[in-house]
Each structure stands twice: as C-alpha cells, then as structure tokens.
Amino acid sequence: MSHARRMYDLIEPIGLVPYFADESDEALMALGLRNQWDAYFAGRAAPFGRSVPAEVIHAIFYNFAPGEVARHLPKVWELTTPEAALAARERGCVAGMRRILGALADAPGVTRAGDLLLKAATSAPVEGRALYAALRTVAVPKEPVARLWHAATLLREHRGDGHTVALLAEDIGGTESHVLHALSVGMPAHEFGRVGHLPAARLTAVVDGMRDRGLVGADGWLTSAGRATKERVEAMTDRLAEAPYNALSPHELERLVADLEPISAALRAVFPM
C-alpha cells in the first residue's frame, strides 16, 4: 500500500469533521447563513476571498451540478465575510473534534501528529492545485487540535485537486464522478446523497451517457470497463497525492501512523463512513 493511500485512510476522518460534526455548521450558521449548504460553500470557498465568481468555484470544486454553487455564492458574502467564515469553521471543527475525542484531544499524540502532518502538508508544490494553494495562504493555527485539523484539511484538498486531475484524464465529469463512486460501492446512483437530490431526468441522462460509453451496463451497474476506469482514477489519485509524504523520514511516518490511528478510529466510530 502506498504512503498516500495509507495516510488517506487515517486523515480522511479528520478532513470530514466540517461535514459530519454539527459544531462546524452551527458556528457558520451563527454568522447569519441560511442553511447547511451556505455553510459548506462559505467555509470551503473562504480561502479564495469574496471576489472569485461562482463559475470559478464551480470549476475548482468540480463535482457539483450546474447552478448549485451559484445558489450560494456570492450570496453568502452579503451575510458574512470570508475571514469570519474561516474562523467559525475552525472554531466549530475544533469543538466537534474535542467532543468526539474526549480526553484523547489533549494527548501528546495530537500535538505530534499535527506537527508532522503540517510538515508534510506544507512541503508539496502548489502548481496546478487551486484549492490546496488557496488554503496554504490561511494562517496556521497554534492550538494543537486546530493545528491537526488544519494540516489534515490541507492534505485533503491537495489530494482532492489531484483527484480532479485523475477524473479529467479519464474524461469523467463532476456528476459522473459521483455515479462512478456510488456504483463502485454497490449503491444505486439515485440513492447517493450528492446526486440523489438532482431531478430524475438529469441524473438519468448522466447514467445513460455513461452507459453509451460502456462504463455502465444494461443492468445499471459498472461494466468491467467502468470498474477499470474507477481503478485507474484511484491509482492516479494516490500517485499524485504522494509528494507531501516524501518530506517525512521513515521513522516520522511510523510515528505519525501510530499517533493518528486512535484519533482516526475515534472519529470513524461516530461518522457515517
């Protein structure tokens, strides 16, 4: 298993805190935002500032259906500021992690893991990685739990930028990427949360297009070509996510894994992963 894949398994639960821990949404909604999707876009797009158009954020985020970003941006910047959104998101995520981790949040391993993750997260080139580059401009927190969450988020966005490259290389569009993932884990596309809300005709058209390309069979599941495409996407994503971990020695990687394992396990136990 590559370092990138092993670290993804350990880091992803930390990166998902803004989306699965209620404290993050609550802190953002307290700024006057209208709903959870306002909170999502305000929190995640805040590093770009208020002047980047919705069309650009749509292109960078990649996997939202047309028009979804524009329902929230730039409206959220009439309700709050990017600076306030960043602070609220961090504050909420720290509160959520502390609630879930309990006494573990103050263990020495949190500080060690945060420092090592940050060393990795700030070592990679930013070229071609818009989300990662934007987040690199945000001040690094000093508080250990916040520092760990920030470093994990940097690495998650770095990996996500590479994942977009891999999807583009395989000619998989944003909505198609959700269908590909859902079917790869045995879930009908219309039951997958990120696309299940779409009008039935739109989702059907996406699946039909994938069927015409030989990715989906007449039975509605992935063909061998579809599964091979998914495997290539994941393999390229892992390869493109490897660079940060080259900054760590074998001993540091071993120490990092040991410190992250109980943190990751505690978060996985309460998140619907």
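**Entry 1: aspartate 171**

I began at aspartate 171, which sits in the loop between α10 and α11 (174-184). I am working from a predicted model. I looked up the backbone here. Phi of aspartate 171 is near 60°, a positive value in a residue other than glycine. Most residues other than glycine have a negative phi. Is aspartate 171 buried or exposed? I found a relative accessibility of 55%. The cut-off for exposed is over 50%, so aspartate 171 counts as exposed.

I placed tyrosine 62 in the loop between α5 and α6. Its relative accessible area is 15%. Buried means under 20%, so tyrosine 62 is buried.

I stayed in the loop between α5 (54-61) and α6 (76-79), where proline 74 also lies. Which kind of peptide bond joins leucine 73 and proline 74? I read a cis bond, with omega about 5°. Most peptide bonds are trans.

**Entry 2: the largest nonpolar core**

Next I looked for where the nonpolar side chains gather. In soluble globular proteins, such side chains tend to be buried together. The largest nonpolar core here has 42 residues. I noted the ones with the most contacts inside this core: Met7, Ile14, Leu117, Leu148 and Leu260. Which elements give two or more residues to this core? I listed α1 (3-15), α7 (82-101), α8 (108-121), α9 (130-136), α10 (144-169) and α14 (250-268). Helix α10 gives the most, with eight residues.

**Entry 3: α1 against α10**

I turned to helix pairs. Two packed helices are described by the angle between their axes and the distance between the axes. The axes of α1 and α10 come within 9 Å and cross at roughly 125°. Angles over 145 degrees count as roughly antiparallel, and those from 65 to 115 as roughly perpendicular. The pair α1 and α10 is therefore oblique. I noted a left-handed crossing of α1 past α10.

From α1 I listed Ala4, Arg5, Tyr8, Ile11, Glu12, Ile14 and Gly15. They meet Leu148, Trp149, Ala152, Leu155, Arg156 and Arg159 in α10. By class, the contact of α1 with α10 has eight nonpolar residues, one polar and four charged.

**Entry 4: α8 against α14**

I recorded their crossing as left-handed.

Which residues make this contact? On α8 I found Gly109, Val110, Arg112, Ala113, Leu116, Leu117 and Lys119. On α14 I found Glu252, Arg255, Leu256, Asp259, Leu260 and Ile263. The contact of α8 with α14 has seven nonpolar, one polar and five charged residues.

**Entry 5: α3 against α7**

How do α3 and α7 lie to each other? Helix α3 (residues 22-29) packs on α7 at an angle of about 150°, with the axes 7 Å apart. The cut-off for roughly antiparallel is over 145 degrees, so I put α3 and α7 down as roughly antiparallel. Their crossing is right-handed.

Helix α3 brings Asp22, Glu23, Ser24, Ala27 and Leu28 to the contact. Helix α7 brings Ala85, Ala88, Arg89, Gly92, Cys93, Ala95, Gly96 and Arg99. I sorted the residues of this contact into six nonpolar, three polar and four charged.

**Entry 6: proline 18**

What touches proline 18, not counting residues up to four places away in sequence? I found Ser24, Asp25, Arg89, Cys93 and Trp149. Of these, Ser24, Arg89 and Cys93 also belong to the contact of α3 with α7. Trp149 is part of the α10 side of the contact with α1. I also checked alanine 45, 27 residues from proline 18 along the chain. Their C-alpha atoms are separated by 13 Å.

How values were computed:
Residues are numbered from 1 along each chain as its sequence is written. This is a predicted model: local features need pLDDT of at least 70, side-chain atom pairs count only at pLDDT 80 or more; totals for chains, interfaces and linings use all residues. Side-chain values use heavy atoms; hydrogens and water are left out. A nonpolar core is a set of buried Ala, Val, Leu, Ile, Met, Phe, Trp, Tyr and Cys residues joined through side-chain atoms within 4.5 Å. Buried means under 20% relative accessible area, exposed over 50%, partly exposed in between (1.4 Å probe, protein chains only). Helices (H or I, at least four residues) and strands (E, at least two) are DSSP runs, numbered from the N terminus. A crossing is left-handed if the near helix is turned anticlockwise from the far one by less than a right angle, and right-handed if clockwise. Contact means heavy atoms within 4.5 Å. Ala, Val, Leu, Ile, Met, Phe, Trp, Tyr, Cys and Pro count as nonpolar, Asp, Glu, Lys and Arg as charged, and the others, Gly among them, as polar. Axes are lines fitted to C-alpha atoms, for helices over the stretch in contact, and angles run from 0 to 180 degrees between N-to-C directions. Angles under 35 degrees count as roughly parallel, over 145 as roughly antiparallel, 65 to 115 as roughly perpendicular and the rest as oblique.
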